[in-house]
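Please keep the sequence and the 3D view at hand.

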Amino acid sequence: MATRDANAITQLTLLSDVTPPSLERAWLTAPHPTLPIIATCSSDKTVHVYSLTNFRLLSTISGGHKRSVRTSAWKPHVSGESVLATGSFDATVGIWRRWDAYGQGGGDDTLNGDGDGVKKDPEGTGAGADGGDDDDEEWRFAVLLDGHDSEVKSVSWSPSGMLLATCSRDKSIWIWEDLDDGDNNFETVAVMQEHEGDVKCVAWHPVEECLASASYDDTIRLWREDIDDWGQVACIRGHEGTVWFLDWEGVENVPRGKGDTDDALSAQWKERHALSGPRLASCSDDRTVRIWRRQPKESQQQAPFGGTGVPSILRPTGTDETWEAEAVLPQMHDLSVYAVAWSKRTGLLASAGADGRIVVYEERFVTDPAAVPASSDGEGSGSGPGPRTEWTAIVVQDGAHGVYEINHVAWAKRADRGRAEGQDEEVLISTADDGSVKIWALG
Amino acid sequence: MTTEIQNSNPTILSDADLPTRLRPAEAAKSRAYGSGLFASTLSFPGDSVDPASQYLSAESESEGDDLLEEPIDEQEIYDLISTISDPEHPISLGALAVVSLPDILIKPTLTNVPDSPLRTVTVLITPTITHCSLATVIGLGVRVRLEQSLPPRFRMDVRIKEGTHSTADEVNKQLADKERVAAALENGTLMGVIAKMLETCQ
């Protein structure tokens, strides 16, 4: 974060398109948590897996879904194997598996040969890296999760990888537990039906077992487990249209400061941040991107149920959370905003939508409160204590995919040869209606 | 769709009262013949030349020439959608005045980006009766027709005209939802109805 020069001119530089692109609309591209590969969901009923090293197609996952694949998510913390969950308009969720030993470098041996390739999984190196056993190269269809009544819109793995959340036009959210019993068994843990419209997106908190959902009913809701029972702990109203997408802030995120004087601000900010936890970003048909913050509980030390050991029949009020609107980002979009991506590495936030525009925003400390007019672009950082911050759009890329709408953006670790040596650079991945997927560097 | 007809006695406009640009089109055609430049007519053997498809092919052949004049106007949008059939009558949306020329608007999508090629087509639909549950289907038919006919730089904004329908907001929200529209296009039953409505186009 500190490596960026405050006065640098920022722009998005196109590194490459993926090749070959999907020939039909692409909905979402999910970067793998550790490997330099991405999974692009397409209306052609398949998932295209591309290399972030050379941007070429590695494999196509097909044969599992009868309609558009709308969404996918990689299970975290799996060693030696990649596990992908896919959600489709055919109302089902597919689970796919593949051994990691094969083809990590993008199917191009020279990439691994020049030492610029991918670090092989320690467990995978010995096991048949030269063998090329056909069975190991394939995506294995593991199981189909059946339960939703209509199109599945979003899937998300909990930070531990134990739980999978799925949501649908049927207004419900399902939480499944991956029993990890070697037999691909999943158990339904909860079905939540409080939303009054299609549930468009589900997103797990980065460290806690807390789920956020966004809906056609214009609300965002938060869900937690309380004594073996999953329930709604907050319903956030504010958006004036369908809420399309959500992304959580990284746990360690700190806004950018301007110099030494900001050390105190940073410390103050971290203290407050530790109390309220990671914030949530949302985007909507109302063309805005908003930031939400949980109000810290008055007394964090108190046991949640007063230690009486007598659970109330009613949901204890202790589990309810208050979420406040912290900021409306500078209004940069002219049509629906379909995606937000909050970088866990840099704290930068990207948005994209039907206007074909990609916007990158940066959050900075406001060092001199007097310098910020009351009606500044963003709405400031709320009324609570703590240092004020403001959001600035640092990149506006019009027509990023020509005339096409952009359905998704995501940040990923840069893995191509052009990256700077020893630096932890990031790329932005955008996915569009014409099936194209573009990889951008910020520079 | 097989239930009883909701509006059994709709008002029907006569063909002569519908907006048309027949005369200029005829003139253009005869001029083309006169000068021997009938290539454009040859490439469209059908007797009715669809201006939008003509534009589409012209665009792909000229490799995205940005200097192209903007040949798509409100009348041409009207021509594309007025021939769609009502789902419960064998009558066109134009004749039923469900769509009308003054309720079609084309404007730049990004007002602050002057050189952006994006255009928003707004079509206001007037259902024949205020509680017509087929309003969504009609709107979807119009949206599908436009999406299939217009180049991708056009954004569709198909809505129920204010004050003409009891659940307009609900219908409008559905019609504006890209994901729902995309899913509807994969629904065989619904697409059967839409295909039947669009049979009378071209």
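Predicted model: local features only at pLDDT ≥ 70, side-chain atom pairs only at ≥ 80, totals over all residues.

Two strands count as paired if DSSP finds at least two bridges between them.

Start with strand β14 (residues 199–204) of chain A and strand β15 (residues 210–215) of chain A, which pair in the antiparallel sense over 5 bridges. With 5 residues between them, β14(A) and β15(A) form a hairpin. How enclosed is β14(A) by the rest of the structure? A residue is buried if 20 or more other C-beta atoms lie within 10 Å of its own. Of the 6 residues of β14(A), 6 are buried, so the strand is largely enclosed by the rest of the structure.

Elsewhere in chain A, 4 strands make up an open sheet in the order β1-β28-β27-β26, with antiparallel pairing. Its edges are β1 (12–17) and β26 (406–413) of chain A, each of which pairs on one side only. From one strand to the next, the twist averages 30°.

The last step is the contact between chains. Here 14 residues of chain B are in contact with 15 residues of chain A. Helix α7 (residues 178–185) of chain B supplies the largest share of the chain B side, 3 residues. By class, that side has 7 nonpolar, 2 polar and 5 charged residues.

Conventions
Residues numbered from 1 in each chain as written. Chains lettered and ligands numbered in written order. Contact = placed C-beta atoms within 7 Å. Helix = DSSP H or I, 4+ residues; strand = E, 2+ residues; numbered from the N terminus. Nonpolar A, V, L, I, M, F, W, Y, C, P; charged D, E, K, R; others polar. Axes fitted to C-alpha atoms, helices over the stretch in contact; angles between N-to-C directions. Buried ≥ 20, exposed ≤ 12 C-beta atoms within 10 Å, placed from the backbone.
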